Amino acid sequence: MDSTQDSRASALRTAIDSLMRRFKIAEQEAPDGKPLNQIDTQAMLYISAHPGCGPTDIARHLNVAPTTISSVTDRLAGRNFLKRDRPDENRRAIALGLTDAGRAYVADLIAIQTHHCKLMLEQLPPDDQDLFVSLITKIAQNDN
């Protein structure tokens with residue numbers, strides 16, 4: 001990498017760090033006043049988007065050990081955010097879903113995060129907002 005590319009990469013890292021910090025601060029505004037840790041939040045978001053998924057699906061998505069997800073699901077069930085069902089067609093499998101409280105928590109969290117994204121986008125002119133969202137989406141969809 002040349003020095004210009006190094007400089008860009010460093011500026012990008014700093015900007016991403018700032019954005020991540022903003023999202024973490026936003027999570028402190030959790031509806032019940034008790035924010036989740038990052039892996040629990042990511043698991044809730046995944047389950048919300050994939051009702052009926054299994055613990056292995058979450059572990060694969062988050063690239064963590066299945067035992068980690070076992071602890072996550074125990075914590076989330078303990079807060080009444082998660083329910084575990086056994087499908088009739090395979091009683092050994094576990095299908096995960098959010099409880100009403102879990103769905104409400106995720107909806108509130110997404111609303112808070114969306115609000116913070118709007119505040120960030122307001123710093124740019126409308127044409128730049130579209131370009132920024134397009135470029136970030138392109139980067140996010142590249143799994144390299």
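User: How much accessible surface does the protein have, and what share belongs to carbon and sulfur atoms?

Analyst: About 9,800 Å², with 54% of that on carbon and sulfur atoms; the areas come from the Shrake-Rupley method with a 1.4 Å probe, and for residues only the protein chains shown count as cover. Keep in mind that this is a predicted model, where local features need pLDDT of at least 70, side-chain atom pairs count only at pLDDT 80 or more, and totals for chains, interfaces and linings use all residues. Residues are numbered from 1 along each chain as its sequence is written, and side-chain values use heavy atoms, leaving out hydrogens and water.

User: What makes F81 count as buried?

Analyst: Buried means under 20% relative accessible area, exposed over 50%, and partly exposed in between (1.4 Å probe, protein chains only). F81 comes in at 5%, so F81 is buried. Y105, at 4%, counts as buried too.

User: Why is the pair of F81 and Y105 called tilted?

Analyst: Rings of Phe, Tyr and Trp (its six-membered ring) pair if their centres lie within 6.5 Å; planes under 30 degrees apart are stacked, over 60 edge-to-face, and the rest tilted. Here the centres are 4.8 Å apart and the planes sit at 45°, so the pair is tilted.

User: Why is α2 called roughly perpendicular to α4?

Analyst: Helix α2 (residues 38–49) packs on helix α4 (residues 66–78) at about 80°. Angles under 35 degrees count as roughly parallel, over 145 as roughly antiparallel, 65 to 115 as roughly perpendicular, and the rest as oblique. Therefore α2 is roughly perpendicular to α4.

Terms used:
Axes fitted to C-alpha atoms, helices over the stretch in contact; angles between N-to-C directions. Helix = DSSP H or I, 4+ residues; strand = E, 2+ residues; numbered from the N terminus.
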